[in-house]
Amino acid sequence: MFKRILVAIDGSAHSMKAAEMAIELCRTYDTDLTLLHVTRKLDLPDQLKDYIKDEHLTRQDLLAIDEATKRVIADIRMSAEARGIKRIKTIFREGKPARTIVAYARSARIDAIIMGSRGLSEFESALLGSVSHKVASLADCTVMIVK
């Protein structure tokens, strides 16, 4: 049924559930697993720059979030390996999440994308629509959205 499964990871609880689902599907179908994390470019709007300044946040704080996500992905990879998944790729990309996920899935000939229904940015979802909805609309392959 599936030969290549991609799970989009952003560190949110929903993406962790999606990773668990992807690992189980990979075990069931003996498929390749790709863990994909997309980092947004830091071309921030003025309002967000003001917020970061007002909250005394720094670029280092944002980089720490990326480092934490890398640790989460490493943990997911170890969990998949411990459950017998042998073919695992870990991919990091920068760009707009939905379009980057879909573009990678097309280029890697992914059969199924599994992702959480909500990510870390509920504020952005309210303004722009959810990443999972965009992926489901744009992807050529099966998309499973996990709650």
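A: Let's start with β1 and β2, two parallel strands joined by five bridges; strands are DSSP E runs of at least two residues, helices H or I runs of at least four, numbered from the N terminus. This is a predicted model, where local features need pLDDT of at least 70 and side-chain atom pairs 80 or more, while totals for chains, interfaces and linings use all residues. Residues count from 1 along each chain as its sequence is written, and side-chain values use heavy atoms, without hydrogens and water.

Across from A8 stands L36 of β2. Both strands belong to an open, parallel sheet of five, ordered β3-β2-β1-β4-β5 (strands pair when DSSP finds at least two bridges between them). At its edges, β3 and β5 (142-146) each pair on one side only.

Now look at I5. Its contacts (heavy atoms within 4.5 Å), leaving out residues up to four places away in sequence, include L25, L33, I110 and I114. I5 is also among the residues with the most contacts inside the largest nonpolar core, which has 20 residues. Such a core joins buried Ala, Val, Leu, Ile, Met, Phe, Trp, Tyr and Cys through side-chain atoms within 4.5 Å, buried being under 20% relative accessible area with a 1.4 Å probe, protein chains only. β1 (4-8), α1 (13-29), β2 (32-39), α3 (59-82) and β4 (112-116) each give two or more residues to this core, and α1 supplies the largest share, six.

Finally, helix α4 (residues 97-107) has buried residues including I101 and Y104. The buried residues of α4 pack against β1 and β2, among other elements.

Methods. Buried means under 20% relative accessible area, exposed over 50%, partly exposed in between (1.4 Å probe, protein chains only).
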